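Here's a quick briefing to read with the structure open beside you. Take a look at the fold, then work through the points below.

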Amino acid sequence: MFPTYRDGDRLLVLYGARPRAGRPHLVQPPPSATGARPLSIKRVEHRTDDGWWVLSDNPDEGTDSRIFGPIPYRDMVAKILVRIPRPIGRRRLRRE
């Protein structure tokens with residue numbers, strides 16, 4: 001299964017939006033034993049007493065609430081409204 005979002009895609013997001021089950025959101029996962037995790041795109045599954053249960057669209061590659069538990073409301077950064085795919089056929093410039 002390919003990921004829903006790819007490097008180079010642009011996203012239109014709504015900060016401070018109320019999470020909705022089934023919708024993708026930009027979230028701040030809790031830190032791991034080795035340090036902070038980067039912002040991630042996760043799909044909201046349902047609300048729990050401790051926050052929101054979120055899942056990765058690609059469970060074989062990503063981490064989600066099955067690993068780090070529910071995401072507190074304060075760490076639900078933004079709701080993703082639209083994905084603008086990266087241009088196809090364009091070569092990416094390499095930085096040297």
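A residue counts as buried under 20% relative accessible area, as exposed over 50%, and as partly exposed in between, using a 1.4 Å probe and protein chains only. What you see is a predicted model, where local features need pLDDT of at least 70, side-chain atom pairs count only at pLDDT 80 or more, and totals for chains, interfaces and linings use all residues. Residues are numbered from 1 along each chain as its sequence is written, and side-chain values use heavy atoms, with hydrogens and water left out.

**Strands and how they pair**

- Helices (H or I, at least four residues) and strands (E, at least two) are DSSP runs, numbered from the N terminus.
- Two strands pair if DSSP finds at least two bridges between them.
- Strand 2 (residues 24-27) and strand 3 (residues 40-48) run antiparallel, joined by 4 bridges.
- In that pairing, you'll find proline 24 opposite arginine 43 in strand 3.
- Strand 3 also pairs with strand 4 (residues 51-55), again in the antiparallel sense, over 5 bridges.
- Strands 3 and 4 form a hairpin with 2 residues between them, and threonine 48 stands opposite glycine 51 in strand 4.

**The nonpolar core**

- In soluble globular proteins, nonpolar side chains tend to be buried together.
- A nonpolar core here is a set of buried Ala, Val, Leu, Ile, Met, Phe, Trp, Tyr and Cys residues joined through side-chain atoms within 4.5 Å.
- The largest one has 7 residues: Val27, Val44, Trp52, Val54, Phe68, Ile71 and Met76.
- Contact means heavy atoms within 4.5 Å.
- Leaving aside neighbours within four places in sequence, valine 54 is in contact with residues including Val44, Phe68, Ile71 and Met76.

- Patches are made of residues with over 30% relative accessible area and no salt bridge; like charges are joined within 9 Å, and nonpolar side chains (Val, Leu, Ile, Met, Phe, Trp, Tyr) within 5 Å.
- Leu12, Leu14, Leu81, Val82 and Ile84 make a nonpolar surface patch of about 410 Å², with areas from the Shrake-Rupley method and a 1.4 Å probe, counting only the protein chains shown as cover for residues.
- Strand 1 (10-15) and strand 5 (76-84) each supply at least two residues of the patch, and strand 5 gives the most, with 3 residues.
- Leucine 81 sits in strand 5 and counts as partly exposed because its relative accessibility is 40%.

**Salt bridges**

- Side chains of opposite charge can pair when their charged atoms come close.
- A salt bridge is a side-chain nitrogen of Lys or Arg within 4 Å of a carboxyl oxygen of Asp or Glu, and this structure holds 3 of them.
- One joins aspartate 9 and arginine 83 (3.0 Å, N to O). This pair links distant parts of the chain, with aspartate 9 in the segment before strand 1 and arginine 83 in strand 5, 74 residues apart.
- Aspartate 9 is buried at 15% relative accessibility, while arginine 83 is partly exposed at 36%.
- Another joins arginine 43 and aspartate 57, whose closest N and O atoms are 2.9 Å apart. Arginine 43 lies in strand 3 and aspartate 57 in the loop between strand 4 and helix 1 (65-68), so the pair ties together parts 14 residues apart in sequence.
- Arginine 66 and aspartate 64 also meet in a salt bridge (2.5 Å, N to O). Is aspartate 64 buried or exposed? Aspartate 64 is buried, because its relative accessible area is 1%, whereas arginine 66 counts as exposed at 52%.
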